[in-house]
Amino acid sequence: FPISVETLAPIRCASVAHAGSYMQIDHAMGRLFTALAAQDAMVTDQRMMAVFHDDPDLVPVENLRSRACSPVADGVALAPPIEEAILRGGLYARLRYQGPYADMKGAYRWLLGVWLPQSGHEPDDAPVLEVYLNSPQQVAPNELITDIHLPLRAS
């Protein structure tokens with residue numbers, strides 16, 4: 001998998017919390033985009049992102065915490081059910097994954113189990129961020145492109 005190490009600026013997002021299976025984050029994404037549209041806060045090419053707080057190998061599926069996110073400008077007012085989330089700025093390892101969301105586990109295992117131990121970097125205590133560069137409404141599952149951002153400690 002291609003990996004780059006890059007610094008991201010903090011990102012202000014509209015967000016909706018999700019509890020349970022990470023494979024169902026699309027439900028929270030649907031609620032988020034419905035609420036953004038209802039609040040007249042949608043822009044052309046509204047981006048989809050998600051943060052994942054827990055390790056699904058260590059936390060029971062019903063206790064997994066995640067958040068559907070979409071960047072918004074500073075002046076955009078947000079009302080429930082939307083909450084503001086400021087995504088952490090700083091150093092990240094970015095893995096570009098192409099394929100179905102359901103098959104991403106192998107990319108995570110490689111990133112955390114192969115790349116990270118030999119990279120010289122340490123993970124930071126912050127959630128993993130996924131940025132969806134296209135959507136299942138636009139392309140076939142094998143053409144989906146996702147950037148997985150693993151937060152790293154600054155050296």
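Predicted model: local features only at pLDDT ≥ 70, side-chain atom pairs only at ≥ 80, totals over all residues.
Q: How many nonpolar, polar and charged residues does the lining of the second largest pocket have?
A: By class, its lining splits into 5 nonpolar, 5 polar and 2 charged residues.

Q: How much space lies in the largest pocket?
A: The lining of this pocket comprises 36 residues. By class they are 23 nonpolar, 4 polar and 9 charged. The space in the largest pocket is about 1200 Å³.

Q: Which element supplies the largest share of the lining of the largest pocket?
A: Several elements each give at least two residues: helix 1 (25-38), strand 3 (48-52), helix 2 (105-119), strand 7 (128-132) and strand 8 (145-151). The largest share is 5 residues, and it comes from helix 1.

Q: Which residues lie nearest the centre of the largest pocket?
A: Strand 3 and strand 7 are among the elements that supply at least two lining residues each. Of the 36 lining residues, those nearest the centre are Tyr 22, Phe 52, Pro 56, Tyr 108 and Glu 130.

Q: Which residue of strand 8 stands opposite Tyr 132?
A: Strand 7 and strand 8 run antiparallel, paired over 4 bridges. Strand 7 also pairs with strand 3, again antiparallel, through 5 bridges. On the strand 8 side, the residue opposite Tyr 132 is Thr 146.

Q: Is Thr 146 buried or exposed?
A: Thr 146 sits in strand 8. It touches Leu 95, Arg 96, Tyr 97, Tyr 101, Met 104, Glu 130, Val 131 and Tyr 132, leaving aside residues up to four places away in sequence. Its relative accessible area is 0%, so Thr 146 is buried.

Q: How far apart in space are Thr 146 and Glu 130, C-alpha to C-alpha?
A: Glu 130 is one of the residues that Thr 146 touches. The two are 16 residues apart in sequence. Their C-alpha to C-alpha distance is 6.6 Å.

Q: How many residues of strand 4 are buried?
A: Strand 4 (residues 65-71) pairs antiparallel with strand 2 (residues 11-19) through 7 bridges. Cys 13 stands opposite Pro 71 there. With strand 3 the pairing is antiparallel over 4 bridges, and Phe 52 stands opposite Ser 66. Strand 4 is mostly covered; of its 7 residues, the number buried is 5.

Q: Which side chains make a polar contact with the side chain of Arg 94, and at what distances?
A: Arg 94 lies in strand 6 (residues 90-98). Its relative accessible area is 18%; the cut-off is under 20%, so Arg 94 counts as buried. Among the residues it touches are Pro 2, Ile 3, Ser 4 and His 149. The polar partners are Glu 6 at 3.1 Å and Asp 147 at 3.5 Å.

Notes: Residues numbered from 1 in each chain as written. Heavy atoms only, no water. Buried < 20%, exposed > 50% of the residue type's maximum accessible area, 1.4 Å probe, protein only. Polar contact = N/O pair within 3.5 Å; in protein donor to acceptor, adjacent residues only side chain to side chain. Contact = heavy atoms within 4.5 Å. 1 Å grid on protein atoms, 1.4 Å probe; cavity = no way out; pocket = protein on both sides within 12 Å on 5 of 7 lines; lining within 4 Å. Points joined across faces, edges and corners; volume = space filled by probe spheres on them. Nonpolar A, V, L, I, M, F, W, Y, C, P; charged D, E, K, R; others polar. Pairing = 2+ DSSP bridges.
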